[in-house]
Every structure is written in C-alpha cells, then in structure tokens.
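Dear colleague,

Please find the structure below, followed by a short account of what was found in it.

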Amino acid sequence: MSVVLVDAGGTNIGSVRYALQRLGVDAALTADAAAIRSADKVILPGVGAAGPGMARLRELGLIELMRTLTQPVLGVCLGMQLLCADSEEGDTTCLGLIPASVRRFVEAPGLRVPHMGWNQLRAKQPHPLLAGLGGDDQAYFVHSYAVPVGDWSLATSDYGETFSAVIARDNFHGMQFHPERSAAVGAKLLQNFLSL
Amino acid sequence: MLSRRIIPCLDVRDGKVVKGVRFRDHVVMGEIVDLALRYRDEGADELVFYDITASPEGRGVDRGWVERVARVIDIPFCVAGGIRSVDEARAVLHAGADKISVNSPALERPALIDELAAAFGVQCVVVGIDSLRDADGAWRVRQYTGDPTKTQALPRMTSDWMIEAQQRGAGEIVLNCMGSDGVRQGYDLEQLSMVRAICRVPLIASGGAGAPEHFRDAFVEADVDGALAASVFHSGAIAIPELKHYLRGQGVAVREVSKEARSEK
C-alpha cells in the first residue's frame, strides 16, 4: 500500500510520518501531483493558519488535484479544516470538499483558546474510521478554530460547545485532533484510516 | 470535557536526562528515549524536555535527540531551552517536537514571540516565565535561571510580562514559581491564582509539587490547565497512575490510560 503525505508545509509532518512508521507504513513526503494522484492513501497534515495553508497548496498547484482525488484522503488538524468550504481564520476560502464553515472558538470564563489538551471523543454515527473507539477514549487537540457539528460529523467533542472531532464525506476524512500524538487511541484511528 | 494535564519535565544535558536543580551538581538519570517511554507508559499527558544549560551558554538545542524522541513517543512533547530564532524553532519543530518553549531569549527580545507565532501559529508557542516574589511583595521575572551564577532579577513585573507575552502570541504559559520550586511544599497557589485571572491561554503550573494533594490544589484552587513536575516523578515519590486515580476521586477530569494500551516492554 502506498501512502503519501502532502508536503504543504505543516510542522507536524515528521510526527505523522513517524506515527505511520510505528504502524509499519513508510509514507512518502511529496508535493508531486502524479505521486499524490497514484497513491492508495493521501494524508494532508497541517499545523499553522488556514490562509498560508491554502496559499501553499495553490503555489504547489495542488488545489484542483486535491479536489479531484478519489482514493481515501485524511486531513489532520489544519488539514481537516482545509477540506471545508471556508474558514473564519483570515477569511479563507478552502477546498470545499465538506460543506462546513470553520469558526473560531468563542472565549469565555474558564474556556481558554487555543483548546489544548486531551478531550473525549464521542461517536456520532457509525463509520469504519471509528472502529474500536471506546466511550472514554480521549485524543490530543491543539486548535483555536473548529468545524461545527453537521451531517459530516462522525465524532464530536465538547469545549464550551460541541464541535466536530472527526468528519467525512465520500472519500474525504478529517481529524481535528492529532492522531499522531494521541497515544493508543490515535494509533487505532490512523490504522482504521489505513484499512479503509 | 477537557482533561487536566500531568506533565513530567525532563532536564536534558548533552543528550542525557539529568537531575538536580543546580547547574553543576547534576546526576545523569538515564537515556532520554527510555525515560520518555516510561512516562508515556505511566500515563503522562505530555512531556517537556528542558535543555538546562542552553540559554546561559548562548547555544541552541542539539536536535538529534528530538527526532529520536519523536519517532517513539506518541504523546505531545515540548522542547525548551536556548531557542532564540525562528530558524532554530523550525528545526526543533521539524525534528518532531509539537511545541517550543521560550524563556530567557524572549525576555532579551520580546519580538521573538511575535515572530514564532506568525511562523508556526500560537498553538506551537509556549512562553516560560520564572517568577519570584521580591521583598516588596511583588512578583518579578527572573532570567537565565538555568545557571544560578548567571540568574538575573529583572524590574519586569510577572503580571506585566504575562499580559505582554499573550498579546505577542503565546499560546500557552508555563509559570515557574521559583519560591516554591524544589521544596515540595506545594505549588504557589496565591501566585498562580493571580496569574490565572489575567491568563486567557492555557496555564501550566510549575514548581513545588510534593504530594498528590498539591496537584489537586493547583487544578481546583488555581484552575490551571496542567501541572508540571520533575523530581517527584523522577524519584518515584509519586506514580502517575496513582496520582490520576486520586485526582479522579477528587473530581478532577484526567485522562485514563488503560493497562492494555501501554506498550510492551
């Protein structure tokens, strides 16, 4: 099985790559359109801001390619947000593969932004990506912007509001948390993606 | 619900984990990767690696070990010590660290915080603050605390620096209360509560943990998001599974780590 990591400049690319290695998969890091198109699985990692993230994909000439992929695609953290229609962060138009608008968390007393740390995942609809997910399973989140709950939500989490932790539409999937840094729970979910 | 984080801090010198708050009388504790794995297995929520001599000596962090840790560790970790530029931070983040923490270099040149936040996003940028109460009762910032012979007292008020660091782009603050550090009599709840009131980003308590109750107090009384400790974990005085069990009983939300999920050793 060939897995590629789209080199869109995120600083977590190394961590995602190591997590895949721990699962026995050597993923290639690439920005090459042909390599991405021919891969069995495509992962779009991402740490940073939506505007620069989309600008980088545009510079690399990957926008249309990403939109037309037919194999399983996984966006992680910012990579998941880039799959959505748009983001409040820098008023950015995103890839538009999942019809959601990414919004900033609203600060409130006791509610610190960024949302940083381990939080509980709650399955919202059955999906092979969530196979084996337990009711107490937690994942590691670091983000200031979130995808609201909609029919794209496979799992949710709570931080002042309920937001999407895992999303999917057709062959496009997203995880708001960092599976590469979510211990055994994260490894299980990454393995589920590799098994799709 | 977001869990409160338990964060062991490992002091690193020349690629080994060392013990000892003093610059010179440190003892090698073991290999970085071995200790990191041990804490990961015990249920640590995050790790901080602190190059204890990087800042006073004016050198950067050796990042060979950062990559070794990133390959085997599947919980987040932060690297602190001697990061003074965007390029140095990038090297550490690309080696696999999730966050970088700046302290003395940010005091030397506060714009470093803005530059790091612009380059990597605030979620990667931790600002460490060493704070001590002066004779007049005010908490002020200390610099170069990695080396007692070079530590400087600054005129800067801890509260002023807290606010400025956040405005510049700190995504998390670690407050090291030096007055309580190393004596295991509990976190400085008075200072942490003062700082909590003006801290809008996650706040990590550091300095003073000696008993499970101290963690409970920091979470419940001072409402911190995470509690960092070193010696009580290294010495085995507090085991993380028992600590989490105690905290859960006290109504503190913590992450459960099932025995099956721990790696085989």
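Which residues in α1(A) are buried? They are A:Ile13, A:Gly14, A:Ser15, A:Val16, A:Arg17, A:Ala19 and A:Leu20, where buried means that 20 or more other C-beta atoms, placed from the backbone, lie within 10 Å of a residue's own.

This is a predicted model, in which local features need pLDDT of at least 70 and side-chain atom pairs count only at pLDDT 80 or more, while totals for chains, interfaces and linings use all residues. Residues are numbered from 1 along each chain as its sequence is written, and chains are lettered from A and ligands numbered from 1 in the order in which they are written.

Helix α1 of chain A spans residues 13-22 and is mostly covered. Helices (H or I, at least four residues) and strands (E, at least two) are DSSP runs, numbered from the N terminus. Just after α1(A), A:Gly24 has a positive phi of about 85°.

Chain A also holds an open sheet of eight strands with mixed pairing, in the order β2-β1-β3-β4-β14-β13-β12-β9; strands pair if DSSP finds at least two bridges between them. Because β2 (28-30) and β9 (122-123) of chain A each have a single partner strand, one side of each lacks a neighbour in the sheet.

The contact involves 31 residues from chain A and 29 residues from chain B, contact meaning C-beta atoms, placed from the backbone, within 7 Å. On the side of chain A that touches chain B, β8(A) gives the largest share, six residues.

Kind regards

Definitions and conventions:
A residue is buried if 20 or more other C-beta atoms lie within 10 Å of its own, exposed if 12 or fewer, and partly exposed in between; C-beta atoms are placed from the backbone. Two residues are in contact if their C-beta atoms, placed from the backbone, lie within 7 Å.
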